[in-house]
Every structure is written in C-alpha cells, then in structure tokens.
Amino acid sequence: MTTTTDTPVRPAKRQPIVPVRPPKRGGGPARSTTNLTLGAGLTTRVLALAVLVIAALIWLLPMAWGVLTAFKSEQDASDPLHWLWPKHGFTLQAFSTVWERGDLPLWMLNSFLISAAVTVITVLVSAMAGYAFSRTLFAGRKWLFTLTIAAVLVPPQILIVPWFEQMLTLHLLDTYAAVILPQTVAPVMVFILKKHFDSLPVELEEAARIDGAGHWRIFWSVLLPLSRPMLAAVAIFVFIGAWNNFLWPFVSTSDPSLMTLPVGITTVKDAYGIQYAQSMASAVLAALPLVAVFVFFQRHIVKSVATTGLGGQ
C-alpha cells in the first residue's frame, strides 16, 4: 500500500508592472514624418501663392500703365523714360479734351440704353428657353437643344453679314432695334439657365401643379424667384458683353446720334490721330460703369455659384 504526500502548491510570483511612458515631445520617427509632411505642404502653399502673386502682377501691370497714362499729358505719355511717374506731374487734361471733342454723354447714354435692353431681352428669352428645355416635353426637344449647344461654337463674327442683310431687308438699319436685336441671341446663356433649372427641386413644381398652376405661373412665380442669383449673374455677363461690343454697333449704324461709347471713342481717335493719354482716358471712362455694376452685383455671382435649389431664395 503506497501513500502519497500532498505537496503544497506555491502561488506564482506577480510580475512587476512597468508603467508605459508616453514618447517625449519632438522625438521619434512618427513626429519627424509629420513635420516633413507639414513642411512640404507649407512649401507648396508658399510656392503656389508666389506664382499667383506674380501672375496677378503681370496681369495688373498693363492696367496700371493704362490708368496712369490717362492722367498724363500727351508729352509725358510718349516719354519712355518716365513711364511710371510723369516728368511734369499728373493732370486731367486728357479727360477734359476727350469730353470736349467727343459727345461722350450721348454715347454713354446710348451704350446704357442698348446694353440694358439687350440684357433684359436676353435674360427673359434665355430663361424661358431654359425652362422649356428643362421642364417641358415636346417633339424634337433633344434635337433642338443639341442645335442650341452647337450654336455656341459659332463665332459671332461669322454672323455679321447675315445679320446685316436681315436688318437691311427689314429696313431697321440706323435704328436702336438693329443694334439691339442681333445681340439678344445667346445660346450659352440658354445652356446655363437650363442646367440651373435642372438643379431645382421637382417637388416645388408638383406642389404648384396641385394648386392649379400652369407652366407660365410655375415659371414666373415659383422658379424665377428661386433663380434670382443666377439671373443676376447672367445679366451682368450679358450687360458687360453688350457694353463692350464694338463690331456690330459699328457695322449696323452710321448715325452719330446712335453711336455707342466704343464706336464713338474710335471715331475721335481716328479724327485726331493716336493720342495715348486721350485713348487711355476714354478707356477709363468707358470702364467706370462696368466696374460700378460689377462691384454692386458681385455678391450675386458668388451666391449663384455657391447655392442651388432652395438656397437661391
């Protein structure tokens, strides 16, 4: 008979707990990699900013030269050694001469009336066409929209002769209608407004239809109020294009009382020879209304890009 002796089991020794210390600041490969990444990103931003500043200076230098030349005398404007600061100081002689020799108030009035009429008609027609392409179904809609997009590729200079023949047949030459009507054709604005109407919620139109509204009521009372920022941006671009348009107003009229500002300034320059100070003064006077319009409506351009749908209300 064998006897077994129970051996007491000793408990295992506890291992000492070593506290884990966080890595020191500024050390370790992870920290150095982060620093390299931040440094590379900062260098890229600095280089991009430097390139943008240089490009802006290159773009602004001719404009600064033009504005400074407008405040010089003709003698200083032709002096290449003092192109920045005139030898005899700045003067308003060029502005007074241009104002006296040309009929600037009448030309500016004609430019404003023609540009305003072109803007109103173009925005209204383009908005209705964009709504029709976006919200209605009719035979040949896709083909007609494709033709409209193809018209964007046609340069306006090619249409000068057909426009002239059309105005001559209608006996509209040397009238405001001859200058205004051909400029109201803007396929690119139709495309922009069509895409904008596509982005608006369809539920608004369906709710209006439940209330008994038709296409015209939906267009005028529902979609147009939501499209005010986009319409303002389109109106600004159309107004600037009509104000700066020279070729068609020059071709369509020979009556001095119907001349726009770009055409009238050219006649003064041709009659008295090339005067650099007077030419730049005329350009500054012609650009002032556009600068005022852009400064006043620039928030609408930003809002039209940043918002769509209900954000436009």
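**Group meeting: a walk through an all-helix model**

Let me start with one residue. H171 has a relative accessible area of 70%, so it is exposed. Find it in the loop between α6 and α7, where α7 covers residues 176-180. H171 is not a glycine, and still its phi is positive, about 60 degrees.

One caution before I go on. What you see is a predicted model.

Now step back to the whole chain. How many helices and strands does the protein have? The count is 14 helices and zero strands. The protein has 313 residues, and 32% of them count as buried. Next, contacts.

Let's look at how helices pack. Two pairs today.

First pair: α5 and α8. Helix α5 is residues 141-151, and helix α8 is residues 187-199. Their axes come within 8 Å and cross at roughly 125 degrees. That angle makes α5 oblique to α8. The crossing of α5 past α8 is left-handed. Which residues meet here? From α5 come F145, T148, I149 and A151. From α8 come P187, V190, F191 and K194.

Two details at this place. K194 puts its charged end over the ring of F145, 4.9 Å from the ring centre. Then there is P187, which lies in helix α8. Is P187 buried or exposed? At 17% relative accessibility, P187 counts as buried. Set aside the neighbours within four places in sequence, and P187 is in contact with T148, A151 and V152. Between P187 and A150, the C-alpha to C-alpha distance is 8.6 Å, while the sequence separation is 37 residues.

Ring pairs link Y131, F197, W216, F219 and W220 into a cluster.

So, aromatics. How many aromatic pairs does a search of the whole structure find? It finds 13. Take the pair W163 and W248. The ring centres are 5.5 Å apart and the planes are at 70 degrees, so this pair is edge-to-face. The planes count as edge-to-face because their angle is over 60 degrees. Where do these two sit? W163 is in helix α6, residues 160-169, and W248 is in helix α12, residues 247-252. The pair therefore ties together parts that are 85 residues apart in sequence. W163 is buried, with a relative accessible area of 16%. W248 is buried as well, at 1%.

Last stop: helix α13, residues 261-272.

G264 lies in α13. Its relative accessible area is 0%, so G264 is buried. Leaving aside neighbours within four places in sequence, G264 is in contact with W107 and M259. W107 and G264 are 157 residues apart in sequence, yet 6.6 Å apart in space, C-alpha to C-alpha.

T266 is also placed in α13. At 22% relative accessibility, T266 counts as partly exposed. How far apart are T266 and S282 in sequence and in space? They are 16 residues apart in sequence, and 9.5 Å apart C-alpha to C-alpha.

To recap. We have 14 helices and zero strands. W163 and W248 pair edge-to-face. And H171, where we began, is exposed in its loop. Thanks.

Terms used. Residues numbered from 1 in each chain as written. Predicted model: local features only at pLDDT ≥ 70, side-chain atom pairs only at ≥ 80, totals over all residues. Heavy atoms only, no water. Phe/Tyr/Trp six-rings, centres within 6.5 Å; stacked < 30°, edge-to-face > 60°. Helix = DSSP H or I, 4+ residues; strand = E, 2+ residues; numbered from the N terminus. Buried < 20%, exposed > 50% of the residue type's maximum accessible area, 1.4 Å probe, protein only. Lys NZ or Arg CZ within 6 Å of the ring centre and 35° of its normal. Axes fitted to C-alpha atoms, helices over the stretch in contact; angles between N-to-C directions. Parallel < 35°, antiparallel > 145°, perpendicular 65-115°, else oblique. Left-handed = near helix turned anticlockwise from the far one by under 90°. Contact = heavy atoms within 4.5 Å.
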